[in-house]
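Hi,

Here is the structure I promised to pass on.

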Amino acid sequence: PLLEPAVLAWQVPGYRLELVTEMIRQLPKSVRRPLPPAPNVARDFLAATGPPAPLDESLRTFLREQEGVDVVPEQFAPQGLPQHLRVRFELVDEDGGLLAATRDLSQLLARHINAGRRALEQLIPDTAKRDGVTAWDFGDLAERIDIAPIHPAGSRFVLHPTLRLVDRHIVLTARTPGTALDADHATAVRELLRRRILHEKPALLPTRSALRTLARQYSPIAGAAVLEADLHDALIEGALPAGEPPRSANEFQALFDAACRSLEGSTSPVLERIAEILAGFAAVRHALEQGDQLALVQTAPDIRRQLERLLAPGFITTTPGAWLQRYPTYMQAAALRVQRAQQQPRRDAENSAALQPLETRYWELPPAARRRLNRYRWLIEEMRVSLFAQELGTAEPVSFNRLERVWRDHMGQDGR
């Protein structure tokens with residue numbers, strides 16, 4: 001059987017109560033103080049939940065909802081637990097010889113996973129692997145491939161045939177189950193669909209020549225090819241019907257037909273929105289270039305950083321639709337700020353100084369943590385509108401206190 005880190009983190013049932021008790025005892029004193037005795041909390045927690053839910057996340061949720069205590073992930077320190085509460089992992093060769101042993105599964109995988117993948121790839125049948133896929137001409141994908149153990153003590157592997165996008169090349173392969181499996185397959189299917197539409201139905205998607213003006217406006221951020229691919233992905237994503245990505249030639253053909261029908265007449269509204277956004281971007285850049293450089297010495301770098309983040313490559317696809325609709329307002333607010341900063345530089349500096357620490361702490365987080373704080377990220381943009389162009393209105397009420405509450409709701413009471 002495959003190792004499931006989320007399940008293994010719970011230890012064997014006989015050690016589970018002791019494990020959770022120790023996890024609670026190792027929390028900072030300021031966090032533990034309002035809690036009942038750790039064994040009591042652990043018993044209540046284990047009565048309410050268990051594997052396969054992630055242990056750390058489940059315990060954090062329980063402590064917040066049942067005890068009113070916020071804990072951030074970094075406050076759990078598995079390396080500080082007694083050795084007998086940490087699962088020991090051993091890697092052995094086909095003769096049973098010990099290759100490595102550790103209580104840190106991620107460390108073991110990091111050191112040996114590439115070699116394991118290479119060995120596993122050699123076992124994939126030729127019918128389930130191909131480089132440079134350009135069309136769905138490989139038949140239907142099997143639901144699973146069972147790989148027999150190499151030796152009696154080994155385990156049987158289950159692989160799932162799937163498409164994958166690797167450096168803009170679509171490959172057919174087979175992989176072990178994992179959280180990224182379906183997402184990777186869907187991404188590769190979308191790219192295969194895009195290429196087929198461009199080849200067979202090019203009139204349904206805007207070509208690079210049709211995007212010449214938009215590409216010129218976007219050029220300070222990235223090239224025309226980046227904008228074209230992002231726009232195509234967004235259009236195709238919007239044209240795809242809900243449901244699982246196809247695993248057969250017939251399903252892919254049905255998806256192609258449905259996407260083509262949906263794309264007919266649907267590209268103009270999206271193009272108009274992107275044109276409005278990029279025209280606003282160009283207007284802000286022009287205002288910055290023509291403005292009083294001395295008065296804008298602090299304002300201009302801040303606005304440029306804001307625009308670079310808003311319009312980062314892939315922004316059309318990755319920005320939630322509701323917030324993408326707000327982009328024209330963000331551009332208008334930035335243009336008004338350029339104008340007013342030259343008239344009232346001190347006021348602009350004061351507003352910027354108040355907002356900067358709230359924004360900086362977000363961008364200093366690792367990407368995974370920023371994704372969890374997605375709402376906070378967009379409230380920052382709304383706060384900019386409120387501070388620098390209040391008459392444009394915000395999508396929802398926003399204030400410094402509201403930003404702080406959203407931050408603490410996700411990061412814990414101490415804001416870390």
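Before the notes, one convention: two residues are in contact when heavy atoms of theirs lie within 4.5 Å. Also keep in mind that this is a predicted model.

Let me start with Glu-22, which sits in helix α2, residues 13–25. Is Glu-22 buried or exposed? Its relative accessibility is 18%, and the cut-off for buried is under 20%, so Glu-22 counts as buried. Not counting residues up to four places away in sequence, Glu-22 touches Leu-81, Pro-82 and Leu-85.

The other glutamate I looked at is Glu-382, in helix α18 (residues 374–388). Glu-382 comes out at 0% relative accessibility and therefore counts as buried. What does the side chain of Glu-382 have a polar contact with? That would be the side chain of Tyr-330, at 2.6 Å. If you leave aside neighbours within four places in sequence, the contacts of Glu-382 are Trp-323, Arg-326, Tyr-330, Thr-394, Ala-395 and Val-398.

Tyr-330 brings us to helix α15, where it is one of the buried residues. Others buried in α15 include Tyr-327, Met-331, Leu-336, Arg-337 and Val-338. The helix covers residues 327–343, 17 residues in total, and spans 25 Å from first C-alpha to last, close to the 24 Å expected at 1.5 Å a residue. Among the elements that cover its buried residues are α11 (267–290), α12 (299–310), α16 (345–363) and α18.

Now the cores. The largest nonpolar core holds 57 residues, and Leu-163, Ile-197, Leu-311 and Tyr-327 have the most contacts inside it. Helix α15 gives the most to this core, with 8 residues. Tyr-327, setting aside neighbours within four places in sequence, is in contact with Ile-277, Leu-310, Leu-311, Phe-315, Thr-319 and Trp-378. There is also a second, separate core of 21 residues, with Val-20, Leu-35, Ala-38 and Ala-42 among them.

Last, the strands. β3 (residues 145–147) and β4 (residues 157–166) run antiparallel and are joined by 3 bridges; here Asp-146 stands opposite Val-158 of β4. β4 also runs antiparallel to β5 (residues 169–175), this time with 7 bridges, and Leu-165 has Ile-170 in β5 as its bridge partner. How many residues lie between β4 and β5 in their hairpin? There are 2, and Asp-167 in the turn has a positive phi of about 50°.

Cheers

Note on methods. Residues numbered from 1 in each chain as written. Predicted model: local features only at pLDDT ≥ 70, side-chain atom pairs only at ≥ 80, totals over all residues. Heavy atoms only, no water. Helix = DSSP H or I, 4+ residues; strand = E, 2+ residues; numbered from the N terminus. Buried < 20%, exposed > 50% of the residue type's maximum accessible area, 1.4 Å probe, protein only. Pairing = 2+ DSSP bridges. Polar contact = N/O pair within 3.5 Å; in protein donor to acceptor, adjacent residues only side chain to side chain. Expected span 1.5 Å × (residues − 1). Core = buried A, V, L, I, M, F, W, Y, C linked by side-chain atoms within 4.5 Å.
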